[in-house]
Amino acid sequence: MENLMEKIISLSKRRGFVFPTSEIYGGFSGFYDFGPLGVLLKENIKKEWRKAVVFSHDEIVEIDSAIIQNPKTWKASGHLDGFVVEIRECQKCHRRFRVDHLEDDKCPVCQGNLGQPSFFNEMFETYVGAKKDSSAIAYLRPETAQGIFLNFKNVLNTFPKELPFGIAQIGKAFRNEVSPENFIFRIREFEQMELEYFVEPKKSEEYHQKWIEERFKWYLDIGLKKENLKIFEVPKEDLAHYSKRTVEIHYNYPFLKNFGELEGMANRTDFDLKTHSKFSKVDLSLFEPKSRKRFFPYIIEPSVGIERIFLALLLDAYSEEELNSGEKRVVLKFLPKMAPIKLAVFPLLRNKPALVEKAREVYSLLKDNFLVAWDDNDNIGKRYRRQDEIGTPWCVTIDFETLENGTVTLRDRDTTKQTRHLPQEIIKIVKEKIK
Ligand code: ATP
């Protein structure tokens with residue numbers, strides 16, 4: 001579809017999914033705010049991830065660690081020395097670019113000459129405490145994973161588990177990206193969902209493969225189109241220093257020439273537990289009673305940014321259709337379980353007190369069960385259009401027949417067909433469909 005990204009960005013702002021941050025001060029590059037519907041969509045993504053990654057596995061628990069950790073963490077993890085990108089600055093406009101994103105030797109914006117390459121660490125620095133000198137420097141975490149490794153012993157002491165077991169975490173991560181771009185695809189503050197799955201070293205490849213398959217299937221389960229997803233094997237020479245093998249799930253983002261990274265799944269080996277044992281002098285190895293051996297487990301890590309899923313969901317859901325009446329409508333075809341709002345309730349006419357009163361009653365009944373919107377502005381057609389545009393799967397209208405026999409109309413977003421039901425039946429139908 002032509003200009004799909006422009007349409008998504010404009011709809012996101014118009015309807016309250018995503019706003020550019022600090023807009024009244026001219027925005028702030030690489031940062032976005034999430035509006036009322038954006039918060040709901042994000043929550044649904046997290047809910048589905050927790051369901052699949054945490055709650056359906058007896059051997060996986062979740063934690064929530066601090067964003068600012070002891071700065072020694074980042075020395076041990078390799079981030080202080082290695083979380084760098086190679087950049088070149090344009091001599092004319094002084095913009096800076098990542099070397100791996102450059103296509104030729106001239107500035108992509110003003111065609112000026114590029115200077116010599118240099119290195120730039122993408123961790124955000126801050127100061128902790130009342131003294132602002134080098135001893136007070138700390139970092140905003142660039143990934144949630146390290147908070148899990150640091151709590152490895154704590155979790156095992158409170159939730160003793162045998163291998164394999166996992167610790168999951170959802171939380172903000174910060175990267176001072178040299179060139180944030182493509183709406184919420186590459187931003188400086190984002191939210192990660194990570195799982196660190198600890199396994200016996202000799203079984204790491206088997207479990208890695210299992211998670212690759214499980215994670216790929218999850219994207220189909222939340223409604224992404226199979227043809228827009230692809231498995232990508234990261235070439236050996238591009239692997240991170242801790243990784244034995246990394247496989248990524250790529251999505252067909254329209255602004256990229258090729259597909260782009262949605263989720264990374266690395267076999268991190270025993271690098272993390274070993275390095276933190278060495279730097280902290282706390283032994284993070286594990287004694288396994290079965291083999292009577294002490295060793296460092298290997299770690300399989302599926303890691304994804306919520307905003308990249310958010311964007312993929314919007315892109316896949318967006319459609320424009322012509323109705324029989326000749327009218328055009330924009331529809332976000334989210335799966336019902338992903339839709340921010342499940343139902344909208346309308347009185348057919350707002351100036352008929354009997355209809356409004358009955359509609360309020362139905363609204364309150366449905367609201368006890370689902371996230372429901374109320375709308376009595378404009379005519380019914382306009383109300384449907386508004387709900388279609390934000391992906392509400394069903395609209396319920398209270399009309400004159402409701403006053404006679406209690407039934408209301410249930411209008412399906414995708415087919416636009418209407419059927420009549422008692423409100424209690426609607427609860428059953430919707431519950432079944434959003435499972
Ligand atoms: P990229 O190559 O796109 O910069 P990465 O390989 O640095 O990503 P990882 O370090 O593997 O990313 O991070 C895990 C996940 O976190 C990514 O798969 C992506 O979903 C998300 N992510 C990473 N950086 C960003 C960012 N700047 N904005 C939004 N999401 C991000």
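Predicted model: local features only at pLDDT ≥ 70, side-chain atom pairs only at ≥ 80, totals over all residues.
Q: What makes the meeting of α2 and α9 a contact, and which residues take part?
A: Contact requires heavy atoms within 4.5 Å. From α2, the residues are G38, L41, K42, I45 and K46. From α9, they are I306, E307, I309, F310 and L313.

Q: How do the residues of this contact divide into nonpolar, polar and charged?
A: Six are nonpolar, one is polar and three are charged. Gly counts as polar here, so G38 of α2 belongs in that class.

Q: Why is the pair E191 and K42 called a salt bridge?
A: A side-chain nitrogen of Lys or Arg must lie within 4 Å of a carboxyl oxygen of Asp or Glu. For E191 and K42 the N to O distance is 3.0 Å. The pair therefore meets the rule.

Q: Which parts does the pair of E191 and K42 tie together?
A: E191 lies in strand β10, and K42 lies in helix α2. The pair thus ties together parts that are 149 residues apart in sequence. A search of the whole structure finds 47 salt bridges.

Q: Which domains divide the chain?
A: Domain 1 covers 4-67 + 143-314, domain 2 covers 84-118 and domain 3 covers 341-433. The centres of domain 1 and domain 2 are 30 Å apart, taken over C-alpha atoms.

Q: How do you know that domain 1 and domain 2 are in contact?
A: Five residues of domain 1 are in contact with seven residues of domain 2. The two domains bury about 420 Å² between them, with 46% of it on carbon and sulfur atoms. In domain 1, V178, S179 and K257 lose the most area to domain 2. Together they give 73% of what that side buries.

Q: How many salt bridges does the rule find across the interface of domain 1 and domain 2?
A: There are two.

Q: What makes K257 and E103 a salt bridge?
A: Their side chains meet at 2.8 Å, N to O. The limit is 4 Å, so the pair qualifies.

Q: What kind of peptide bond joins L163 and P164, and where is P164 found?
A: The bond is cis, with omega of about -5°. P164 sits in the loop between α6 (152-158) and β9 (165-174).

Conventions:
Residues numbered from 1 in each chain as written. Heavy atoms only, no water. Helix = DSSP H or I, 4+ residues; strand = E, 2+ residues; numbered from the N terminus. Domains from an automatic or database assignment. Buried area = accessible area lost by both parts, 1.4 Å probe.
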